[in-house]
Amino acid sequence: MQDYKKKPSRLRRGLAGGVLALLCWSAGAAEEVSLEVQPGLTATAHYQPGEADRPAVLLLHGFLQTREFHTVARLAESLSIAGVTTLAPTLSLNVPHRRAVLSCEAVHTHTMDQALDEIGAWIDWLQGVGHKDIVLLGHSYGGVQLAAYLGTRPAGPVSRLIAVSLVDVEHGVGASVHVDLRRVRREAEDPSQALRPYTLHYCANDSYVTTARAYYSYVRWSRSAILAALRELPVPAVAVKGSADHRMGSSWAGLVAEAGAAVVMVDGANHFFDARHEVPLHDIVVELLEARDAPHGRH
């Protein structure tokens, strides 16, 4: 496990320049692109091409959020300034051209598998415009989905996974630790597929309305399933965690490291890497992109 605070000053050299660049960045620099992710359903992403000899980074937002969520949006902005190609999609969640965050209380018809298919469609899109080296970067539950993608689909041009604040789904508010997966799987086979209230991630106290089939597609990605996917990833994985992120249990970073991912700890950062920790997060990601060999565990 690496500690950002104890790393050589090479990571810290760009702090002042990074801040200045962020201040100089102007909104609208990225182009919005559209993609039909399934028949009749179009999703959108922000795309900013960068230097051709560097990897393209696909940045994925957290649960029910959009690409405008500040942790992802600001990191995409700063990476673009640094010359890195970025693609930040908004998962459709079965809403064409979705731009708004879905509330827990909304009717949710989307499934985890649909989300993974959309991730694959955007990777194909990046390949189609000429990118041969793609790094996947997810924040919070976005990291879970990217790990699930790499655990169930061919990696193709993907060379690395960076999971920022990788969430432990069995800790804290809305944790699925008490879900009876066998019962939910039986309910998922019910052909009626009636809407029911459930607890999922931060949607606590049965506030998440969906079908048993759609619910099962998410909760089957338990803590053990996520760690199993990390152990079998075909590419190196790095988890970046803030020491002040209390959304995960104290054992989570160690479990992630045991599963084979490198863990980089950032002293004082919270789950969102906001305020003074935005630029250190940027520098860590740039360092990982520039490294010839990504830091890794058992890979």
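## The largest cavity

The largest cavity in this predicted model has a volume of about 110 Å³. A cavity here is a set of points, on a 1 Å grid over the protein atoms alone, where a 1.4 Å probe fits but cannot get out. Grid points are joined across faces, edges and corners, and a volume is the space filled by probe spheres set on the points. A search of the whole structure finds five cavities of 30 Å³ or more.

The lining of the largest cavity consists of 13 residues, and Thr71, Arg74, Leu75, Phe273 and Glu278 lie nearest its centre; a lining residue has an atom within 4 Å of a point. Two elements, α2 (70–81) and α9 (278–290), each give two or more residues to this lining. The largest share, five residues, comes from α2. By class, the lining has six nonpolar, four polar and three charged residues. In this scheme Ala, Val, Leu, Ile, Met, Phe, Trp, Tyr, Cys and Pro count as nonpolar, Asp, Glu, Lys and Arg as charged, and the others, Gly among them, as polar.

## Basis of the description

Residues are numbered from 1 along each chain as its sequence is written. In this predicted model, local features need pLDDT of at least 70 and side-chain atom pairs count only at pLDDT 80 or more, while totals for chains, interfaces and linings use all residues; side-chain values use heavy atoms, with hydrogens and water left out.

## The chain as a whole

The chain contains nine helices and twelve strands. These elements are DSSP runs numbered from the N terminus: helices are H or I with at least four residues, and strands are E with at least two. Of the 299 residues in the chain, 55% are buried. Buried means under 20% relative accessible area, exposed means over 50%, and partly exposed lies in between, with a 1.4 Å probe and protein chains only.

Contact means heavy atoms within 4.5 Å. Among contacts between residues at least 6 apart in sequence, 76% join residues at least 24 apart.

## Helices α3 and α4

Two packed helices are described by the angle between their axes and the distance between the axes. Helix α3 (residues 112–128) packs against helix α4 (residues 141–152) at an angle of about 80°, with the axes 10 Å apart. Therefore α3 is roughly perpendicular to α4. Axes are lines fitted to C-alpha atoms, for helices over the stretch in contact, and angles run from 0 to 180 degrees between N-to-C directions. Angles under 35 degrees count as roughly parallel, over 145 as roughly antiparallel, 65 to 115 as roughly perpendicular and the rest as oblique.

On α3 the contact is made by Met112, Ala115, Leu116, Ile119, Gly120 and Ile123, and on α4 by Tyr141, Val144, Gln145, Leu146, Ala148, Tyr149 and Thr152. By class, this contact has ten nonpolar, three polar and no charged residues.

## Trp221 and its surroundings

Trp221 lies in the loop between α6 (212–219) and α7 (223–231). Trp221 is buried, with a relative accessible area of 7%. Not counting residues up to four places away in sequence, Trp221 touches Met112, Ala148, Thr152, Val169, Ile226 and Ala229. Met112, Ala148 and Thr152 also belong to the contact between α3 and α4. The C-alpha atoms of Trp221 and Gln145 are separated by 9.1 Å, although the two residues are 76 residues apart along the chain.

## Buried residues in loops and a strand

His61 is found in the loop between β4 (56–60) and α2 and is buried, with a relative accessible area of 1%. Leaving aside neighbours within four places in sequence, the contacts of His61 include Arg67, Pro89, Leu91 and His139. Cys104 lies in the loop between β5 and β6 and is buried at 12% relative accessible area. Cys104 and Tyr202 are 98 residues apart in sequence and 8.3 Å apart in space, C-alpha to C-alpha.

Ala163 lies in strand β8 (residues 158–164) and is buried, with a relative accessible area of 5%. Beyond residues up to four places away in sequence, Ala163 touches Gly138, Gly143, Val238, Ala239 and Val240.

## Two residues with positive phi

Leu93 has a positive phi of about 50° although it is not a glycine. Leu93 lies in the loop between β5 (85–90) and β6 (107–108) and, at 10% relative accessibility, counts as buried.

Asn205, in strand β10 (residues 203–211), has a phi near 55°, a positive value in a residue other than glycine. Asn205 is exposed, with a relative accessible area of 74%.

How values were computed: 1 Å grid on protein atoms, 1.4 Å probe; cavity = no way out; pocket = protein on both sides within 12 Å on 5 of 7 lines; lining within 4 Å.
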